[in-house]
Amino acid sequence: MEEQQQQHLWWQTDVIYQIYPRSYQDSNGDGIGDLQGVIQRLDHLKWLGINAVWLSPIYPSPMADFGYDIADYTGIHPLFGSLDDFDQLLNEIHSRGMKLILDLVPNHTSDQHPWFLESRSSRDNPKRDWYIWKDPLPDGLPPNNWLSVFGGSGWEWDDQTQQYYYHAFLREQPDLNWRNPEVQQAMLDVMRFWLDKGVDGFRVDVMWHMIKDSQFRDNPVNPDYQSHMATYEQLYPVYSTDQAEVHDIVRQMRDVLDQYDERMMIGEIYLPIQKLMMYYGIDGKGAHLPFNFQLLSLSWDAQLIAGAIDQYEAALPPTGWPNWVLGNHDQPRITSRVGVQQARVAAMLLLTLRGTPTIYYGDEIGMRDVPIPFEEVQDPQGLNMPDKNLSRDPSRTPMQWDNSEHAGFTTAKPWLRLARNFARENVLAQKNDPFSMLTLYRRLIELRQQEPSLMIGNYVPVHSDNQVMAFIRQAEGHPGFLIVLNLSHRPCYVKPKHGPLKGTIVLATYPELEGGTIEETISLAGDEGIIVRLSS
Amino acid sequence: MATQQNKSLWWQQGIIYQIYPRSFQDSNGDGTGDLRGILSRLDHLKELGIDAIWVSPIYPSPMADFGYDIADYRGIHELFGTMDDFDELLRETHKRGMKLLLDLVPNHTSDQHPWFLESRSSRDNPKRDWYLWYDGKEGGEPPNNWVSVFGGSSWEWDEATQQFYYHAFLKSQPDLNWRNSEVEQAVFEAMRFWLDKGVDGFRVDAMWLMIKDKQLRDNPPNPDFKPGMNEDQRQLPIYSSDRPEVHKVVKKMREVLDQYPERMMIGEIYLAVDKAVKYHGKDNQGVHLAFNNQLFFLPWEAKPLAEAIDKYEKLLKPGDWPNWVLGNHDQSRIGSRVGLEQARVAAMLLLTLRGTPTIYYGEEIGMRDVPIPKEEFQDPQGINLGKSRDPGRTPMQWDDSDKAGFTTGKPWLRIAEDFPRVNVKKQQEEPSSMLALHQRLIRLRRQEPALHEGDYKTIQADEQVFAFLRKAKGHPSFLIVLNMGHKTAVFKPETIKLKGTVAVATIPERDGIQVDGVLNLAGDEGLLIRLD
């Protein structure tokens, strides 16, 4: 057993925390978060029990898409600090026994990246083929019907060289041509640059987009499209994403990582489970963790979620390690999808499921989407499709640290407005409140990190109905845990089919139930979840 | 219109609060709430801004259905206190400028009521016809297929007199025969007894059930019945309820009330809204308020809600006064139906709609349904059908002391585990609490004619946002904007000019903010805006 535990690596046992650097902590009074700010808050993360930090992009960028449009893969944007600041951050993280994961954006660069400036300069530039250039159709129209995720066509006309280039996102974000070996080498060198510095891994942006159909066939129409949906969803992106050859690329990236010890990558992949599983790679030589986004899109229904967990567990390849996530910088916050009360249940789910959990900054204090008046919208997705309420700004608002003027985030005007209720909902206020979301998160993480059953044990479904789901986590030789979650607002009564289970409630969404024992029928109030240490 | 406004009475402008007396406040340590307990909490209600208190039954009763089985219409159950206690409660309520409504249960008595004891004693007893006695069909079958709300046939065989009697609820709750004029007179006498004491009105239990089909025709099956629904919904109760003659009875009850100044009655009527509004009677000579239970059953979505409100407003005849309610002792609490965040939005809705609002005790602090283990079930509906109403009837949470300040003994039903956090005392100190929200909403409603008697107009209802206007001539108008989802939402009205000041917000940080043209709403946010 000891051995088995030793076989688990940090990215399997740790809890990952995503920092959106613009919004975490400002250190220099410009209203925008930065690296020195992150350094100041590392003790918060350590206190919370976090052992791995993923930083969204911090590289030089014109900020058309807030850093996901990179102009220099091996630099630091002056807004965020300098390379020295970065080295200090990495050092401070490692000295606390924590890991640092950077955001790698290999699918596209900024249109201001020197590679693209060269590529667009003429048709015979040596880097012309580093991007996806195509002639227009005879009538001048774009080469095919592919759409941009951020609205409009995926093709941009270049007047100077009389060709279109492809951009899956903004026109300021031209897609690299990953079928070109020079591109591959250039990006693998970028990885080596950071790995040599000691960076512990990468979260790889839009991994499933990296290779496109070599014949550039039209995408088919989505017959279920409705007008409130993003325009991108008018088509099924069967030819513009998730092409078979992408797995060769992932494998090459993995090979780079494997030349170092214990480095890892997480793939951002929005795909159905069966396709997602392919990204673990043949013999597990793909992504260490293809992000599992099911909890972002499933209806908050106990039976549905229990079923999806079973399906996911069953679909995992033998060496594949599961992972779960409730939110990120592209999604409405969990509190805004399921409500504040159910967000507590969701936290318990995230931190008791089998697999690596990733926490989005602010979720640990129950931050909510903040309504942003249109004249203050920053996100291009919101600006490009103004009538669809698709701006991602609401879930990117500054972290709420305390009740001082700008919530302790900055001394100046923050780049995006703060939640109105920050004076009540902040880290400082919640730290000493035994009923707070922060206390719940900290205790859940603590328990998970203490108990092998929760960290690495098996997942055994026990019960699910239209209100409640229950499962057991069990590692051989260690006490097992029963988790019972009421995903509804009404009281629920559960009689596990495994026969009567005995044990003590060690953690509850609200601590009043703790210390109690469970009866044959387990009764829970609405929005309540419990973790029961089973007596053997 | 102007004269009607002048006539706007307390039960139109005011706010009613339902007390379930077992669960409100115990004064003698027996674990069950009582009248002296209520007396000691009147100041809470006054501070909250309540105008009228409705107390669920307090009469002598074997408590088979917690007092809805009455053995003496003119007494006080010793559990709750004495007639002196009642007189003091009434006096103290009036002293604070509040009204007191009693629960009148005319449809049935307890089987221990002397009337029924007499009635069942022999076929030729003078009170035999006070209840619904019938011979069985051949083969000993009950007279027809009617089923009890609490499960099983609604006919009970009486061995001694060899007939069946009818009970819409428990067999220990035989239905009175309201076609018998002696019954009418007996119950009217009971009404006068309380009205003479100064009681301000009645909530009339099960009003729509009072008259049954004379021919006892079988109810047809309900084509929409699905497993999981209550057994009594297997059939459509078209012959056992809402018979046309019921309106004559209601009118007679009204006549009793009208012999006194400003007394009123509310009818408990679970019927489709078009049928329920008929109980207001021709020329408003029926009930003053026909309980409007729609918010119990409507999906919690802006569009169906707005449609239901518009429909209800349209169905009301001149002089009919609307009313709204989110919960009562028979329902799951609003906090458990829509969640705690939306319960704040629901409170804003209840207290800004046109018509008299009724608040169920505990709603003002966001009390929720409490899970009750089967072995602790008290409610006969739970014991018989597994659909216990106990979770919505748990003791009021006053403070964080041992038994939540409700009792010094063992409470009759368990108290919510969260009472140390969720209680009146704690919420009095928190400006962002549910209690504070209720107080602010009620205060504004009482101050502003647009809110307590103004017109209603739907402004918008989309996937998430519901907005409506309240307007009274010569007074400031108010726009109410409710985000019924957890996500942020944008509200940009096209039919009115949006310019004003936030008077009350579910999230108090929004109070006092100017709005102009567009509103960006947080999830679960409701705003009450005073228009310029």
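This is a predicted model: local features need pLDDT of at least 70, side-chain atom pairs count only at pLDDT 80 or more; totals for chains, interfaces and linings use all residues.

**A three-stranded sheet in chain A**

Tutor: Trp155(A) stands opposite Tyr166(A), a residue of strand 6 of chain A. Residues are numbered from 1 along each chain as its sequence is written, and chains are lettered from A and ligands numbered from 1 in the order in which they are written.

Strand 6 (residues 163-166) and strand 5 of chain A pair in the antiparallel sense over four bridges. Strands are DSSP runs of E, at least two residues, and helices are runs of H or I, at least four, both numbered from the N terminus; two strands pair if DSSP finds at least two bridges between them. The sheet is open, with three strands in the order 4-6-5 and antiparallel pairing. Strand 4 (133-134) and strand 5 (155-158) of chain A are the edge strands, each with a single partner, so one side of each has no neighbour in the sheet.

As for the complex, the predictor gives an ipTM of 0.91 and a pTM of 0.94. The contact (C-beta atoms, placed from the backbone, within 7 Å) takes 34 residues from chain A and 31 residues from chain B. On the side of chain A that touches chain B, helix 12 (334-338), helix 13 (340-350) and strand 17 (522-524) of chain A each give two or more residues. Helix 12 of chain A gives the most, with four residues.

Terms used. Two residues are in contact if their C-beta atoms, placed from the backbone, lie within 7 Å.
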